[in-house]
Amino acid sequence: NTMYVVTGGKEGKQAKCEIIALDADTAERRGALSIDDDHVEGMAIDKKGNRLFAALSQTSKIGIIDRKKMTMLGSYAVPAKQIMNVTFDDVQHRLFVYARLPETLFVMNSDTGQILQKLPAPTHSDQNIYDKDGARLYVPGGDGKMFIYNTSNPDAVKVAEIVETVKGTKTGTIATKYHKVWLAQSAGQTKGPINILADQVR
């Protein structure tokens with residue numbers, strides 16, 4: 001098992017980031033790749049292949065990395081700023097990419113980078129939460145709204161519902177067995193204690 005960690009960048013007062021591949025059991029370093037971007041955000045793994053997709057926020061791209069060789073294969077341009085989240089659907093060959101400026105969910109062909117759709121999205125999200133079997137993508141926003149997208153038709157993804165949450169809930173996880181999405185309220189955004197909330201989902 002391998003985990004991928006981002007270091008450097010503007011948080012470390014460096015012009016570039018580095019993605020490091022580590023053994024998930026021993027933390028042994030397996031490889032690394034320097035990225036010409038000072039703000040690498042979310043990543044998504046192609047479990048059936050060698051690709052690792054990375055949201056390159058500064059340069060507004062999705063980087064495509066060979067995660068076995070830790071080399072850059074190429075990139076897909078995204079016409080927005082602050083590219084934060086990327087989710088990969090290996091069956092439908094789709095990337096779901098969230099950008100903050102303007103708030104948009106891009107649906108892209110994962111093999112070509114073609115942008116197929118641009119959909120409205122919440123403000124200040126930090127994570128896409130994907131239920132592939134249930135064909136639902138949950139994007140929680142720090143503005144107190146969670147957008148739920150129906151992904152059953154890869155050529156016609158649509159907003160299925162907008163759920164009111166609370167301000168600062170911009171990350172989370174899903175427990176499909178219990179039909180719940182768990183959201184974490186950011187202490188940095190609310191200037192208060194961290195809270196965990198649960199939303200009932202289908």
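Me: How much space lies in the second largest pocket?

Reply: About 250 Å³. A volume is the space filled by probe spheres set on grid points, which are joined across faces, edges and corners. This is a predicted model: local features need pLDDT of at least 70, side-chain atom pairs count only at pLDDT 80 or more, and totals for chains, interfaces and linings use all residues. Residues are numbered from 1 along each chain as its sequence is written, and side-chain values use heavy atoms, leaving out hydrogens and water.

Me: What makes a set of points a pocket, and what makes it a cavity?

Reply: The grid has a 1 Å spacing and covers the protein atoms alone. In a cavity, a 1.4 Å probe fits but cannot get out. A pocket is an open set, with protein on both sides within 12 Å along at least five of seven lines. Lining residues have an atom within 4 Å of a point.

Me: Which residues lie nearest the centre of the second largest pocket?

Reply: T87, Q127, N128, I129 and Y130, out of 14 lining residues. Strand β8 gives the largest share, four residues. Strands are DSSP runs of E, at least two residues long, while helices are runs of H or I of at least four; both are numbered from the N terminus.

Me: How do the residues lining the largest pocket divide?

Reply: Seven are nonpolar, one is polar and five are charged. Nonpolar covers Ala, Val, Leu, Ile, Met, Phe, Trp, Tyr, Cys and Pro; charged covers Asp, Glu, Lys and Arg; the others, Gly among them, are polar. This pocket holds about 330 Å³. A44, I45, D46, K47 and F88 lie nearest its centre.

Me: Why is R100 called buried?

Reply: Its relative accessible area is 12%. Buried means under 20%, exposed over 50%, and partly exposed in between, using a 1.4 Å probe and protein chains only. R100 sits in strand β9. Beyond residues up to four places away in sequence, R100 touches K81, Q82, M84, H124, S125 and D126. Contact here means heavy atoms within 4.5 Å.

Me: How do you know that R94 and D155 form a salt bridge?

Reply: A salt bridge needs a side-chain nitrogen of Lys or Arg within 4 Å of a carboxyl oxygen of Asp or Glu. The closest N and O atoms of R94 and D155 are 2.9 Å apart, so the pair qualifies. R94 is in β9, and D155 is in the loop between β14 and β15, 61 residues apart.

Me: Are R94 and D155 buried or exposed?

Reply: R94 has 8% relative accessibility, so it counts as buried. D155 has 57%, so it counts as exposed.

Me: What makes D126 and K170 a salt bridge?

Reply: Their N to O distance is 3.6 Å. That is inside the limit, so they are a salt bridge. D126 is partly exposed at 26%, and K170 is buried at 13%.

Me: Which residues of the largest nonpolar core touch the most other members?

Reply: F53, I62, V78, I83, V86, L95 and V97, out of 16 residues. A nonpolar core is a set of buried Ala, Val, Leu, Ile, Met, Phe, Trp, Tyr and Cys residues joined through side-chain atoms within 4.5 Å. In soluble globular proteins, nonpolar side chains tend to be buried together.
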